[in-house]
Amino acid sequence: MEEPKTPPTFHEPVVPQEPFARPADQSGPEAVSPTGKPTGAPDDSRSQSGAYLTTAGGVRLPDTDHSLRAGDRGPTLLQDHHLREKITHFDHERIPERVVHARGAAAHGVFASYGSAGGVSKAAFLQEGVETPVFVRFSTVLGSRGSADTVRDTRGFAVKFYTDEGTFDLVGNNIPVFFIQDGIKFPDVIHAAKPHPDREIPQAQSAHDTFWDFVSLHTEAQHHTMWNMSDRGIPASFRTMEGFGVHTFRLVAADGTPTLVKFHWKPKAGVHSLVWEEAQLAAGGDPDFHRRDLADAIEAGLYPQWELGIQTFPDTADQTFEGIDLLDPTKLVPEELAAVQPVGMMTLTANPTNYFAETEQVAYHTGHLVPGIDVTNDPLLQVRLFSYVDTQLTRLGGPNFEQIPINRAHAPVNDMLRDGFHQQAVHAGVAPYRPNSLDGGCPFVAGADVGAYVEVPERVEGEKVRELSASFDDHFSQARLFYRSMTPVEQQHIAAAYTFELGKCYEQVIRERQLQALANIDAQLCATVATGLGLPAPEPTMNLDDVDPSPALSQIGTPFPVDGRKIGIAVDDASDPQAVNGLIEACEAVGLVPFIVGPHGGTVGTFKVDRTYGTARSFEFDALVLGGALPPAADAIPALDARAAFRASDAAASGGVDARIIQLVGEMWRHCKVLGSLGSSGQQALESIGVDPESPGVVNGEAPGDVTEGLIALLALHRVWDRF
Ligand code: HDE
């Protein structure tokens, strides 16, 4: 799939030439005008062009390395307009990062509707066979723009659909519930979760006092917190995350019939997570781990896919389903009670061309709704409807952010909004007001019959109060439902995460208070965490009602396709080229992505080295195959590397496998990843490191095909949980 690239030359080119064409995996926003009309220009028409450097005004420049000075040892002249333009623009290159979800990565794609939602929603993009361009941004919530990808956190999953009827944004998360029931508390939860205001630490973490102070006092946050402490808080990649609209929305059919729905994105690659040690290693070894994975997959043509599904509920007066209040965003509806019905497939096909222009400047908004999709009175959603426009005024510098190329609608815009900073449209006419006669009465208002957005005429009455209905009072039963739906290994991860995070708090009373909340969720979980913290496990302060587990909430046990899984193949200078080449081909034939791990950079025999013994760590691979004896490489530093090795004492006795390979195998083993060997020297190396070739999750083969067959079977289940 890889496009031929123009390789850079060693010496700086001196002959003027047109800029290189954009790589095939990149795509800019559609070339529509600020008023939503297709311009017909190619979508790269906004990129800079021409062989020569110019000023912002397009005048060619002879020099940009020397300021204009009075003599070569004299002062700089104020008249140097190029210097001033260059520095002034640079001084203003940064815009405020997002208050939350500052760190993100995005991609272009397409949503293809199955038409199965056509009966419950009149939205044009949900009708059969309709294809709609999308721009999707994934993010962490807490960290600043430069923070690491693999921290324990919720992930944003925001999708902009550029539909023919205007823009629809589904601004969701990878966790189906939220910390707070009423949006007025959003500043509180975020202030508590962000770094401490005095020292501004810790970065991108919830493992600190203020977070646990808040969630232990504010117990409606316990359900979301439980998800964060689970494997969902450390996804393996964006490609393997589920997405959720969180709130209950309202779909409207062509005849006006409303249906309440919850939106789900199901990844075709399956739902997978990192283990905690991998997440920690990746935060240092490759802080851009998720961002890189997404971009690499798209560049390689391994287009990530998610199926959009809906759970539907009758729009009854109490807006409650099986006793679950659908307006309470701290509650989910188990899939066993309401199946997720597939309505379309989203495929991400292109990387952005420019991070700032697209990923940074994209502005999602929960109020971007199209006919056929309406909101409910969920008190969290209601506040979001205000916040998303308001925040862009500061972040994107004024009211015309909808005109930035990535935000432009792909439907005609005729809004009577005028002027303001950065106005890019050249509006004709004299009457941006209604009623008017000077512009012939334009623009006219539409009726529902010609595509107007008409709110569902819901009857509303009540007293003005600052309170929620009593049905929102249960803060623990769904946290228990989630915990009890996990497999034992997932439960162990949850207990370990609570123990780690609470162990990082300074104030004992905060730990004790959170233990009290755990006691009200599950006695066994509470006891395990209490043991780790060295504190007594408190008694619950309420009856712990039994819950029916929802197996659909567990990530373990379901086989998924293995396309795009990464296989490390460790080789040395004596590895059998035929066998290794055969393995590379066999991997590629079944959609696995092989990485050669060599003793040094460059090439080893006939193989191009992707990682060296010194740079490879477990988090980069789903499986590792030893393709040789792997003796210590020329740059091995025995004293240093052996200390890091697993079973280092055996390393010398083993006949000398490079200590960094021993370390890598040790990590892969601990992380329950598939291990393998190719040929007898590979198997010998594995055995000498201490891996029993007969143990679960180990594949040995003389022929490459035997190895890949074993890999596929094991990788379908992601990890070898039964190793321990
Ligand atoms: Fe957001 N949220 N949010 N949020 N949110 C923002 O908008 C806000 C909430 C979510 O990739 C901000 O443009 C309030 C729930 C995502 O650009 C801001 C409340 C969910 C993104 C904002 C919530 C989300 C944001 C910051 C409580 C999941 C990133 C910058 C009422 C369903 C979108 C911006 C992107 C971003 C406000 C709660 C998801 C400040 C007030 C619940 C994925 O407007």
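User: How do helix H4 and helix H10 cross, and at what angle?

Analyst: In this predicted model, the axes of H4 (residues 222-229) and H10 (residues 488-503) come within 8 Å and cross at roughly 105 degrees. Angles of 65 to 115 degrees count as roughly perpendicular, so H4 is roughly perpendicular to H10.

User: Which residues make the contact of H4 with H10?

Analyst: On the H4 side they are Gln 222, Thr 225, Met 226 and Met 229. H10 contributes His 493, Ile 494, Ala 497, Tyr 498 and Glu 501. Sorted by class, this contact has 5 nonpolar, 3 polar and 1 charged residues.

User: How do helix H3 and H4 pack, and at what angle?

Analyst: The axes of H3 (residues 209-217) and H4 are 9 Å apart, and the angle is about 135 degrees. Angles over 145 degrees would count as roughly antiparallel, and those from 65 to 115 as roughly perpendicular. The pair H3 and H4 is therefore oblique.

User: Which residues of H3 and H4 meet?

Analyst: Phe 211, Trp 212, Val 215 and Ser 216 of H3 meet Gln 222, Thr 225 and Met 229 of H4. By class, the contact of H3 with H4 has 4 nonpolar, 3 polar and no charged residues. Gln 222, Thr 225 and Met 229 are also listed in the contact of H4 with H10.

User: Now the ligand. Which protein atom is a donor to its iron atom?

Analyst: To read a metal site, look for the N, O and S atoms within 2.8 Å of the metal. Here the iron atom has a single donor from the protein, the OH of Tyr 388, 1.9 Å away. Tyr 388 is placed in helix H8 (residues 379-395).

User: How many residues surround the ligand, and which are the closest?

Analyst: There are 23, and the closest are Arg 98, Arg 137, Ser 387, Tyr 388 and Gln 392. By class, the shell holds 10 nonpolar, 10 polar and 3 charged residues.

User: Which elements supply at least two residues of that shell?

Analyst: They are strand S4 (155-163), strand S5 (166-173) and H8. The largest share, 7 residues, comes from H8.

User: Which side chains have polar atoms close enough to the ligand to count as polar contacts?

Analyst: The cut-off for a pair of N or O atoms is 3.5 Å. A polar side-chain atom of Gln 392 is 2.8 Å from an oxygen atom of the ligand. For Ser 387, a side-chain N or O atom is 3.0 Å from a ligand oxygen atom. In the case of Arg 384, the ligand atom is a nitrogen, 3.4 Å from an N or O atom of the side chain.

User: Turning to the backbone, what is omega for the peptide bond from Arg 434 to Pro 435, and is the bond cis or trans?

Analyst: Omega is near -5 degrees, and the bond is cis. The bond from Cys 442 to Pro 443 is cis too, with omega near -5 degrees. Pro 435 is in the loop between H8 and helix H9 (477-484), and Pro 443 lies in the loop between H8 and H9 as well.

User: Is phi of Glu 322 positive or negative, and where is Glu 322?

Analyst: Phi is near 50 degrees, a positive value in a residue other than glycine. Glu 322 is in the loop between strand S10 (320-321) and strand S11 (324-325).

Notes:
Residues numbered from 1 in each chain as written. Predicted model: local features only at pLDDT ≥ 70, side-chain atom pairs only at ≥ 80, totals over all residues. Heavy atoms only, no water. Donors = N, O, S within 2.8 Å, 3.2 Å for Na, K, Ca; no water. Helix = DSSP H or I, 4+ residues; strand = E, 2+ residues; numbered from the N terminus. Axes fitted to C-alpha atoms, helices over the stretch in contact; angles between N-to-C directions. Parallel < 35°, antiparallel > 145°, perpendicular 65-115°, else oblique. Contact = heavy atoms within 4.5 Å. Nonpolar A, V, L, I, M, F, W, Y, C, P; charged D, E, K, R; others polar. Near = heavy atom within 4 Å. Polar contact = N/O pair within 3.5 Å; in protein donor to acceptor, adjacent residues only side chain to side chain.
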